[in-house]
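Here's a quick briefing to read with the model open beside you. Have a look at the fold, then work through the points below.

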Number of protein chains: 2
Amino acid sequence: MTFRPTITPTSRPLTFEVEAIDEQGTARTTAIAGEHPLTLYVDKREIVTLMTMGQAPEALAIGYLRNQRLVRSIDDIAAVQVDWETDAVVVTTRKAIKGLGNKMKKRTVTTGCGQGTMFGNLMDEIDSIELRDDVRLPEDALFSLLDALRHHETIYKSAGAVHGCALAAYGAAGAEILAFVEDVGRHNAVDAIAGQMWLDRIDGSDKIFYTTGRLTSEMVIKAAQMQIPFLVSRSGLTQMGYEIARKTGITMIGRAVNKHYLLFTGKHRFEKQLTPTLLA
Amino acid sequence: MTFRPTITPTSRPLTFEVEAIDEQGTARTTAIAGEHPLTLYVDKREIVTLMTMGQAPEALAIGYLRNQRLVRSIDDIAAVQVDWETDAVVVTTRKAIKGLGNKMKKRTVTTGCGQGTMFGNLMDEIDSIELRDDVRLPEDALFSLLDALRHHETIYKSAGAVHGCALAAYGAAGAEILAFVEDVGRHNAVDAIAGQMWLDRIDGSDKIFYTTGRLTSEMVIKAAQMQIPFLVSRSGLTQMGYEIARKTGITMIGRAVNKHYLLFTGKHRFEKQLTPTLLA
C-alpha cells in the first residue's frame, strides 16, 4: 500500500541574525538557530509541545508519534497539518488511538537533548527487538558516510547549537545520505528522520543511522525500534546506551570522525578492511 | 531560618569501563559515563523518571522540584531519601503541594539535553522576573572563571558524553566555583545546581551561571528563575534563548572559551577592560 497522509509541507526560517560583541569589543552579526514551540494535537487532543527549529515539522510530528509508540503505522495517519500562526501541528488519525490517555500517563524524562520524554514502557520493548543479522557494514562504507556528512551543507556550520541526524544507505559506490535533519534538540532530529522514513516507506533494516549527539539510552532505543542495525555517532556514549546496545545487538560506533572511530557493540556486523580499497 | 531537610547523601559510580575496537583494530578500554533511571516521588506520588549520572541525586531532586515550580521554598521540603536499590528518590514535604496534579498536566518538551520537560506555564513567568541591575561582571572575572573551569577535574575529560554546569562567585581575587555538577543531561546538571543553591542557601542574584551546553529557551528561563544575572556558555544559543534573554535582561555570554566570548544581551552589566590588569 502506498498511501501517504495529506501533509502541509512547511518550514520556518531556520536561522536568524543577532548582534553580539566579541572580546575585541567589535559588534559581530551572528547567525543563531531558530527555536519555536510546536504543539502537537492528535484527534483534537493536546499531546505535547515540542521546541523545534521547524525544518521538517510534519515528519517530526509523525516521527514523534512513531517513536513514542502512540501510532503503530503510517497508515493510521490520515492527515498532518502545520499552522505556524498558532504554533500547532494537528494530526488526524483514521481510527482513534486506543488507550492514548494511559500511554501518556507514564513519562520518563531522559538524557537526550531535545524531546527527552518517553511515554509508556519503551524500555520493556527492548527485549522484543530483533535486528537483522545478515547485513554487514564495511569500514569503507563508514568512512564514505563520514566524508559525505563532512561535505553536507548544515545549519550547524552557520549557526551551531543544533544536532543533526542522518539516515544512510550504502553500496558499492559508498554511502548515500537518504535523509538529513537538524534541530535544536537531537531527539527532534531523530524523530523527524523516523517520520520521513514512514512517509517515504523506507525500510530501516539495512540502513545506517548517524547522529552528531551522544549515544544515550533513548537514542539507542529509538534506532533499534526503527530496526536500524547500524548506529554511528560523532560523540560518545553513556552506560545505559551501551547496555541497551549490547542487549539489542545493534552495531554501535562512537567517536566517528574522519578516519577514527570506536566500535562498541554488534562487532559481527562490522567488516574491517585490512587493505586499502578504491573507496578509501 | 537555617533549616535543612534530612537528606541521604549518596552517589553512584560515575564512570564505567567498556572495551571498544578502534580504527587500528586495537581493543581499547574506554571510560563511559553512568546513566541510571531515578524515579522521583513527592509525598508518595510519582512525578517523573530522570535519567541521571547520579552524582548529586538529592540536589537534583530538589532542584528539579524548584525549577519546575512544584515546590516554592526549600523550607517546604522535610526529607529527601535516595534508594538506588529501587532507583527511587523520595521527597517528603512539610505540607502537601497544592494543585500538583494540575501543574503536571501541561508539559512542554524542550530542546534541552537532559530533562527537557517543563510543567505548567513557566514561560508565563518570564515577564515577572526581575534581575538585579546593580551588579557588574568585569571581563577579567569572566576570564578567571573560564580558567578555573579549564583546570577543574571533570568526568567530561575522562568519559565525555556529559554536560557540566557551575555556579560561581567573583571578587577581587577572580572567580570562585561554588558548585560544579555534571550529568548525562545538562538540565539535570542545572537542576542539581539549583538544588544545591537551596540546600546551601546561596543567593543567586550576584552570581555567574556557567554551562557547557547550549543556551536554549529552557536554560535561560532556569537561570533567570534562579535570579542569576550572568549566564555564560561554552556553546552557542538558539533564537528563543536569545529572545528570553533579551526579555529578562540577563547578561548572556556565549562561545566563551579561553579568551574568546560573544556578549549577546544585558551588555550594561558587563565591564570590558581596556587595559590589562593583574587578573588578566
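Which residues in H1(B) meet which residues in H5(B)? Keep in mind that this is a predicted model. On the H1(B) side you'll find Ala59(B), Leu60(B), Ala61(B), Ile62(B), Gly63(B), Tyr64(B), Arg66(B) and Asn67(B). Facing them from H5(B) are Asn188(B), Asp191(B), Ala192(B), Ile193(B), Ala194(B), Gly195(B), Gln196(B), Trp198(B) and Leu199(B).

**The helix pair in chain B**

- Sorted by class, the contact of H1(B) with H5(B) has 10 nonpolar, five polar and two charged residues.
- The axes of H1 (residues 57-67) and H5 (residues 186-199) of chain B come within 6 Å and cross at roughly 95°, which makes H1(B) roughly perpendicular to H5(B).

**The eight-stranded sheet**

- Eight strands from chains A and B line up in an open sheet with mixed pairing, in the order E12(A)-E11(A)-E13(A)-E14(A)-E15(A)-E16(A)-E2(B)-E3(B).
- E12 (174-183) of chain A and E3 (27-33) of chain B stand at the edges; each has a single partner strand, so one side of each is left without a neighbour in the sheet.
- On average, neighbouring strands of this sheet are turned by 30° against each other, direction ignored.
- E11 (residues 163-171) of chain A pairs with E12(A) in the antiparallel sense, over nine bridges.
- To pick out one bridge, Cys165(A) has Val181(A) in E12(A) as its partner.

**Helices on the sheet**

- H3 (residues 139-151) of chain A packs on the sheet and touches E11, E12, E13 (208-211), E14 (230-233), E15 (251-257) and E16 (260-265) of chain A. The direction of H3 makes about 45° with that of E12(A).
- H7 (residues 239-248) of chain A also packs on the sheet, touching E15 and E16 of chain A together with E2 (15-22) and E3 of chain B. The direction of H7 makes about 60° with that of E16(A).

**The nonpolar core**

- The largest nonpolar core has 165 residues, and Leu145(A), Val220(A) and Val220(B) have the most contacts inside it.
- Setting aside neighbours within four places in sequence, Val220(B) is in contact with Leu215(B), Leu231(B), Gly241(B), Ile244(B), Ala245(B), Ile250(B) and Met252(B).

**Around Gln273(B)**

- Gln273(B) sits in the segment after strand E17 (270-271) of chain B.
- With 14 other C-beta atoms within 10 Å, Gln273(B) counts as partly exposed.
- Gln273(B) and Pro138(B) are 135 residues apart in sequence, yet 7.0 Å apart in space, C-alpha to C-alpha.
- Leaving out neighbours within four places in sequence, the contacts of Gln273(B) are Pro138(B), Glu139(B) and Asp140(B).

Conventions
Residues numbered from 1 in each chain as written. Chains lettered and ligands numbered in written order. Predicted model: local features only at pLDDT ≥ 70, side-chain atom pairs only at ≥ 80, totals over all residues. Core = buried A, V, L, I, M, F, W, Y, C linked by C-beta atoms within 7 Å. Buried ≥ 20, exposed ≤ 12 C-beta atoms within 10 Å, placed from the backbone. Contact = placed C-beta atoms within 7 Å. Axes fitted to C-alpha atoms, helices over the stretch in contact; angles between N-to-C directions. Helix = DSSP H or I, 4+ residues; strand = E, 2+ residues; numbered from the N terminus. Parallel < 35°, antiparallel > 145°, perpendicular 65-115°, else oblique. Nonpolar A, V, L, I, M, F, W, Y, C, P; charged D, E, K, R; others polar. Pairing = 2+ DSSP bridges.
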